[in-house]
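Me: Could you take a close look at the aromatic rings in this one and walk me through how they pair up?

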Amino acid sequence: MQVIGFSIEKIEAEKNIQEIKEVRVKYNTNIKKIAIEELNIGKKQEVLKVNFEFKIEYDPNIGSIFFSGHILILEDPKKAKSIVDEWEKEKSTTSQFSLQVINIVLVRANIKALIIAQELNLPPHIPLPRVTASNQKIDPPNNYIG
């Protein structure tokens with residue numbers, strides 16, 4: 001599986017003014033459609049076009065972020081046909097292919113969503129590293145491994 005294109009076609013983001021005490025985040029990533037599409041990449045080539053949706057909802061309802069778009073994937077023609085046939089038959093996101101696609105969406109969309117959340121002044125939806133003060137005395141490192 002080789003990803004040759006990732007395109008976001010729609011972005012919706014909103015912030016609802018509320019006092020934030022404790023926030024929970026819900027994710028929803030869906031594959032909406034898988035189809036074979038003919039693409040002209042120097043020569044005519046069949047690729048898999050996977051339409052997706054990605055949504056982040058904050059609870060309580062302080063805001064949400066939504067993306068929809070598609071991924072273009074170069075795959076062996078026989079395997080591509082079997083992936084489309086399986087999708088049409090079961091509409092399942094539990095196959096190995098679907099799991100790989102969802103992971104691609106999560107990696108790419110989470111980064112973009114983090115930037116949008118920052119612009120809207122929403123809390124980050126993924127845990128970020130934090131530096132904390134330590135009461136430990138810092139002597140020459142005895143436990144340093146390097």
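Reply: Strands here are DSSP runs (E, at least two residues), numbered from the N terminus. Keep in mind that this is a predicted model, where local features need pLDDT of at least 70, side-chain atom pairs count only at pLDDT 80 or more, and totals for chains, interfaces and linings use all residues. Residues are numbered from 1 along each chain as its sequence is written, and side-chain values use heavy atoms, with hydrogens and water left out.

On to the rings. The whole structure holds 3 aromatic pairs (Phe, Tyr or Trp rings, the last by its six-membered ring, with centres within 6.5 Å; planes under 30 degrees apart are stacked, over 60 edge-to-face, the rest tilted). Take Tyr-27 and Phe-54: their ring centres sit 6.4 Å apart with the planes at 45 degrees, so that pair is tilted. Tyr-27 belongs to strand S2 and Phe-54 to strand S3 (residues 44-59), so the pair ties together parts 27 residues apart in sequence. Tyr-27 is partly exposed at 36% relative accessible area, while Phe-54 is buried at 0% (buried is under 20%, exposed over 50%, partly exposed in between, with a 1.4 Å probe and protein chains only).

Phe-54 also pairs with Phe-67, and this one is stacked: 6.0 Å centre to centre and 10 degrees between the planes. Phe-67 lies in strand S4 and Phe-54 in strand S3, so here the parts tied together are 13 residues apart in sequence. Put together, ring pairs link Tyr-27, Phe-54 and Phe-67 into a cluster.

Conventions
Helix = DSSP H or I, 4+ residues; strand = E, 2+ residues; numbered from the N terminus.
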